[in-house]
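Reader: Please show me the model. I want to go through its folds and contacts by question and answer.

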Amino acid sequence: MASAFIPNSPNATPAAAQLSLPQNVEAEAAMLGAMMIDNRLADDVIDLLEPEHFYEPVHGRVFAAIKSLRKTDMLATPVTLRPMFEADEGMRALGGPSYMAQLTGSGAGLIGARQFAKQIYDLAMLRTLVSVGRTLVDRALDTSEEVNPRKQIEEAEEELFKVAADGGAENTVKSFGDAAKLAVKMAERALNAGGNLSGITTGLDSVNAKMGGMHHSDLMILAGRPGMGKTALATNIAFNAAQRWMRDMADGIPPERSVGTKVAFFSLEMSADQLATRILSEQSRISSERLRMGKINNAEMSRLVQASMELQHLPLFIDDTAGLTIGALHTRMRRLQRRHNNEIGLVVVDYLQLLQGSGRSSNDNRVQEISEISRGLKTMAKDLNVSVMALSQLSRAVEQREDKRPQLSDLRESGSIEQDADIVMFVYREDYYIAMHEPERPVANSTADVQDKHAKWSQTYQEKAGLSELIIAKQRHGATGKVTLAFEAEFTRFSDAALQGFNP
């Protein structure tokens, strides 16, 4: 095998660079010959490679043709392949269609075809690494445009990840026995947690009972109109999961048995200190508005400091970089996961519409860009084996209806959001809309009609005040429905309604 080209080598020339690319054309020829001699070998290795893995382009096209024939259960031999290459200029340069007969002449690949396939794949990866390295050097040397080293590093990491992730079908196929073991482990974890919880806890018993917790590789969409409290709920859930992890570790519970987890929170709208203020407000029971304005007394300040000290080791990591692309988000999350020993199990993104696409689809229309982003989030959930909760806006169509409970069709610029998501949840607070339609307040000389209208409104408002609905509109793992939660707007805190004395 030839050694890889080193871009900054003093003796490197374009010709030398091409010659030094890692390749083994003889192995490619031997494997293709074996595939045509024995189509059972072709079926065995056909999913391990792609045409672009071959160094010789003609070999890649022959492989693609064999793959196409075997998909329809047709024989792939030099005779059946000949009509497909009569007009192929590259084949003509190698001697014409009779070249395929030469490939079957030696039969060298009949023994060890899978080893040949692995070597071809490994060499293709090395060539890709050379290409990524050259591109990285070229970009670093080019100062004609605005210099942004950090962006170049993130793009290089993304390209390297694509190389590493392209592991072929062999690494992703699991036997039923392996899959069954994972299912039994999940059931055992749910049993050990006291039932109702096979995934990561939300910290809300009623939500856990409905969903079974948050599961690895799932994409959850949490949506709502402005003012409904979706960021507050996501922050509460993130805090609850991180706090449970911290408590379980202190109690000596093994990480694999904990229903808590370390959490990454990507806040594209709010700053890190604003999120921290919300959490501290909830834990110290001090109004977040008063915290921001400094209207607190010495006793409250002591409670705030105490809460801050208790939470200084909370495994909740906040990235408040604005304008992230879906690729940059994936890169940052992989880096964070490596830094924390792959112990981050929940990723929160606030919010989906503030992410940017790769730039290709965004030039077409926003719906396509949002579709790319939702697919990217689902891919990240599976690649990193984490649960991803992405917040989403809803369209104004909600406000035009008499019943303002959200529906799946209300997802703004939905594209494939509904399709990609494993769970779609909506936050709805009826008291928010009731408060908006308060009738004229009665005064000393108000008529009986004015007083009666306000009294009826006040009674309705009191019945709904402090209650919120979490509507589960889609769930791959279970039933849909709704959960009633208590919401304390002063502390931006959600809790189980039953625990707050409500009768949901």
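Reader: What should I know about the model before reading values?

Author: This is a predicted model: local features need pLDDT of at least 70, side-chain atom pairs count only at pLDDT 80 or more, and totals for chains, interfaces and linings use all residues. Residues are numbered from 1 along each chain as its sequence is written, and side-chain values use heavy atoms, with hydrogens and water left out.

Reader: How many helices and strands does the protein have?

Author: Helices (H or I, at least four residues) and strands (E, at least two) are DSSP runs, numbered from the N terminus. By that count the protein has 21 helices and nine strands.

Reader: What percentage of the residues in the protein is buried?

Author: Buried means under 20% relative accessible area, exposed over 50%, and partly exposed in between, with a 1.4 Å probe and protein chains only. The protein has 504 residues, and the buried part is 44%.

Reader: Are α2 and α8 oblique or roughly parallel to each other?

Author: The axes of α2 (residues 25-37) and α8 (residues 113-141) come within 9 Å and cross at roughly 140°. Axes are lines fitted to C-alpha atoms, for helices over the stretch in contact, and angles run from 0 to 180 degrees between N-to-C directions. Angles under 35 degrees count as roughly parallel, over 145 as roughly antiparallel, 65 to 115 as roughly perpendicular and the rest as oblique. The two helices α2 and α8 are therefore oblique.

Reader: Which residues of α8 make the contact with α2?

Author: Contact means heavy atoms within 4.5 Å. From α2 come A27, E28, A30 and M31; from α8 come A113, F116, A117, Q119 and I120.

Reader: How are α12 and α13 oriented to each other?

Author: Helix α12 spans 230-250. It packs against α13 (residues 272-284) at an angle of about 70°, with the axes 11 Å apart. So α12 and α13 are roughly perpendicular.

Reader: Is D431 buried or exposed?

Author: D431 sits in helix α20 (residues 430-436). Beyond neighbours within four places in sequence, D431 is in contact with Y461, K464, A465, G466 and L467. Its relative accessible area is 7%, so D431 is buried.

Reader: Is R225 buried or exposed?

Author: R225 is in the loop between β1 (219-223) and α12. Leaving aside neighbours within four places in sequence, its contacts are K230, L394, S395, R396, V398, E399 and Y433. Relative accessibility is 13%, so R225 counts as buried.

Reader: How far apart are E343 and E256 in space, C-alpha to C-alpha?

Author: E343 lies in the loop between α16 (326-339) and β4 (344-350). At 25% relative accessibility, E343 counts as partly exposed. In sequence E343 and E256 are 87 residues apart; in space, C-alpha to C-alpha, the distance is 9.4 Å.

Reader: What is the phi of N342?

Author: Most residues other than glycine have a negative phi. N342 is in the loop between α16 and β4, and at 58% relative accessibility N342 counts as exposed. N342 is not a glycine, yet its phi is positive, near 60°.

Reader: What is the phi of N385?

Author: N385 lies in the loop between α17 (366-384) and β5 (387-392). At 45% relative accessibility, N385 counts as partly exposed. Although N385 is not a glycine, its phi is positive, about 55°.
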